[in-house]
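Visitor: I've got a model to look at and a few things I'd like to ask about it. Could you walk me through it?

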Amino acid sequence: MLFKKSIPKLLVEANESGEGTLHRSLTSFNLVALGVGAIIGAGLFSLTGIAAADNAGPAVILSFIVAAVGCGFAGLCYAEFASMIPVAGSAYTYSYATMGEFMAWIIGWDLVLEYALGAATVAASWSQYFSEFIEGFGVHFPKELLHGPWEGGMVNLPAIVIVCLLSLLLMKGTKDSSAVNNILVIVKVAVVLIFIALGWSFINPANHTPFIPVNPGEEAVKAGTKGFFEFFTSDEFGHFGISGILRGAGVVFFAFIGFDAVSTAAQEAKDPQKGMPVGIIGSLVVCTLLYVLFSYVMTGLENYTKFAGDAKPVATAFAQTGYTFLNRSLIVAILAGYTSVILVMLLGQSRVFYSMSKDGLLPKIFSDLHKKNQTPWKTNLMFMVFVSVFAGFVPVSDLGHMVSIGTLFAFSLVCIGVLILRKSDPDLVRPFRTPLVPLVPILGVLVCVLMMAGLPKESWGRLAIWMLLGIAIYYAYGKKNSKIRKEYQDSLK
C-alpha cells in the first residue's frame, strides 16, 4: 500500500483552530511579500553580471524570461495544491496526498536541503556583506571571525548571530516575523527601483548592440560546416547566441528559488483559497518584472564584457551614472535581501517538520507549539543550532548545488502530483486550477529535469548520500510511528 493521506483528512486539519494549531494571521499582501522576500536575494546583484558576461550578453534579459517561464510552470502547480490543500508542509503534504507516505518522506527530507542548508549558505555570505558595510564606518571585523576553520579562520560569527536572531524572531510569532519581512522587502525593492529609475536615463544603446552576441559554433551549425551534436558537446555551447540564452537561464534560474516557501505558510493564511495563488503567482510576477528591468538597465549602463570576473557588477554599472551614493545603498539592499531570504527559509523548514511530526513521521517535539505565540518554537530552536553550525563552521561554497538539486526535485514532484490528482480525484473542489493540464505540469517536469541534468555530478552523489540517510531514518522511526499506518492496522483488528 502507498498509505496516502486523504484530501478530506487534510481539509479537516486545515480547518482546525484553537490551542495546538498554527495561527492564521497572513494576508495576501503578506504572502506576496514572503515570496518576494525569499526570491530577491543577492542573486539579482551577482548572477545578472555573471550570466551577461559568460553566457548571454545583453540578452540576459531573455534568460530571465525563460527561467521565469520554467518557474511559472511549477508555480501554477503549487498554486493549485496550496489553494486546495491549505495545510503547512508544501511539497511534502502534496506528495503525501498523491504519491503516498514514502515519497512524502523523501520530499520532506529533501526540503531540508533547500531550506536549512539554503539558509546556512545565505547566512555565510550575509556576514561578508555585513563586514563590508561596517567597514564604511571605520569598524573592522577580525577575519578570523568571518570564516570557519576550513577557510583559514575560527568561526563565521556574524552568520551565527543572524541565524539566531531570526530564529528567535520566528519563535515570537509569524505575524511579527511577517512584519519584519515586509520592511526588508520594501527596503530592497525600493533600492532596486531607484537603481532602475536613476540608471534609465544613462543607458547607452550601443551597449545593447548586438543584443544577442554571435556564437561561432551556432553560425557553423547554420552554415552546415559543423554538426549539432559536435557543437552541443563543445566548449562553444552556452557562450552567447541562442545556446547562451538557455545556459544563462540555467544560471539565473536559481535567483527565482524561494517562491515555493510561500506554500509552507498555507495553514497561517487568513484566506488560503484566495491568498495562496496570489502569493505564489504574484511574487513570481513581481520578481520577474523587476529582474527584467534591472538587467536591461544594468547591461545598458556598461558593456557586458566589463562584468567578467567582477565581484560587484552592479556597482560597476551604476558608476556610469555618477550617483556614487547608491553604492552604499546597494549593500543595504543586499543585506536586506539576504536577511529576508534566511527568515523565509527558516520559516519554511520549521513548517515542513511541523507537518511531518503531526503525521508521526518525526518525534512529537517538532510539532509542539508555544502556548502563547502558537509557533513550533522547539523546531525553530533546534534548527537555529543546526543551521548555525553549518553557517559558522562548515564551508558552504559547495552546498549551493545541493540546494538547487533539492529544490528542482521538489518542483518536479509537485508537477507530477497535479497530474496524478487530476486523474485520481477529478471532482475535487479546486479554488485555483492549473491551466492547460497536462501540458503545463509536463513542461514543468521537463524544465526541472533539464536543469538538474546540467548540475555537476558531485551534486547527484551528495543527493544520493543525503537520501540514503533519510531513508534509513524513515525505516528506523517514521514507518514505525506513522499515524496513518497505525490507523490502518487498528482497522484490521
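Predicted model: local features only at pLDDT ≥ 70, side-chain atom pairs only at ≥ 80, totals over all residues.

Visitor: Is lysine 222 buried or exposed?

Guide: The cut-off for exposed is over 50% relative accessible area. Lysine 222 has a relative accessible area of 65%, so the label is exposed.

Visitor: How many salt bridges does a search of the whole structure find?

Guide: Aspartate 368 and lysine 364 make one of them, at 2.8 Å from N to O. Here aspartate 368 counts as buried at 18% relative accessibility, while lysine 364 is exposed at 58%. There is also a network of salt bridges linking Glu80, Arg422 and Arg430. For the whole structure, the search gives seven.

Visitor: How many residues apart in sequence are the parts tied together by glutamate 101 and arginine 485?

Guide: These two form a salt bridge whose closest N and O atoms are 2.8 Å apart. Both glutamate 101 and arginine 485 are buried. Glutamate 101 belongs to helix α6 and arginine 485 to helix α19 (residues 483-492), so the pair ties together parts whose separation in sequence is 384 residues.

Visitor: How are α6 and α14 oriented to each other, roughly parallel or roughly antiparallel?

Guide: The axes of α6 (residues 101-135) and α14 (residues 326-358) come within 8 Å and cross at roughly 155°. The crossing is left-handed. Angles over 145 degrees count as roughly antiparallel. So for α6 and α14 the answer is roughly antiparallel.

Visitor: How many of the eight residues of helix α5 are buried?

Guide: Helix α5 covers residues 91-98 and is followed by glycine 100, which has a positive phi near 95°. Among the buried residues of α5 are Tyr92, Tyr94 and Tyr96. The helix is largely enclosed by the rest of the structure, because the buried count is eight of the eight.

Visitor: Which element gives the most to the nonpolar patch?

Guide: The patch covers about 600 Å² of surface and is made by Leu62, Ile65, Val66, Val69, Phe211, Ile212, Ile242 and Leu246. Two elements give two or more residues to this patch, α4 (60-84) and α11 (241-252). With four residues, the one that gives the most is α4.

Visitor: Where does phenylalanine 211 lie?

Guide: Phenylalanine 211 is one of the patch residues, and its relative accessible area of 32% makes it partly exposed. Proline 210 is joined to threonine 209 by a cis peptide bond, with omega about -5°, and proline 210 is in the loop between α8 and α9. Phenylalanine 211 lies there too, in the loop between α8 (174-200) and α9 (216-223).

Visitor: What is phi of leucine 436, which is not a glycine?

Guide: Leucine 436 is in the loop between α16 and α17 and counts as exposed at 61% relative accessibility. That loop also holds proline 438, joined to valine 437 by a cis peptide bond with omega about 15°. Phenylalanine 240 has a positive phi as well, near 75°, but this residue is buried, with a relative accessible area of 18%. For leucine 436, phi is positive, at about 50°.

Note on methods: Residues numbered from 1 in each chain as written. Heavy atoms only, no water. Patch = residues over 30% accessible without salt bridge, like charges linked within 9 Å, V, L, I, M, F, W, Y side chains within 5 Å. Areas by Shrake-Rupley, 256 points an atom, 1.4 Å probe, with all protein chains shown as cover. Salt bridge = Lys/Arg side-chain N within 4 Å of Asp/Glu carboxyl O. Buried < 20%, exposed > 50% of the residue type's maximum accessible area, 1.4 Å probe, protein only. Axes fitted to C-alpha atoms, helices over the stretch in contact; angles between N-to-C directions. Parallel < 35°, antiparallel > 145°, perpendicular 65-115°, else oblique. Left-handed = near helix turned anticlockwise from the far one by under 90°.
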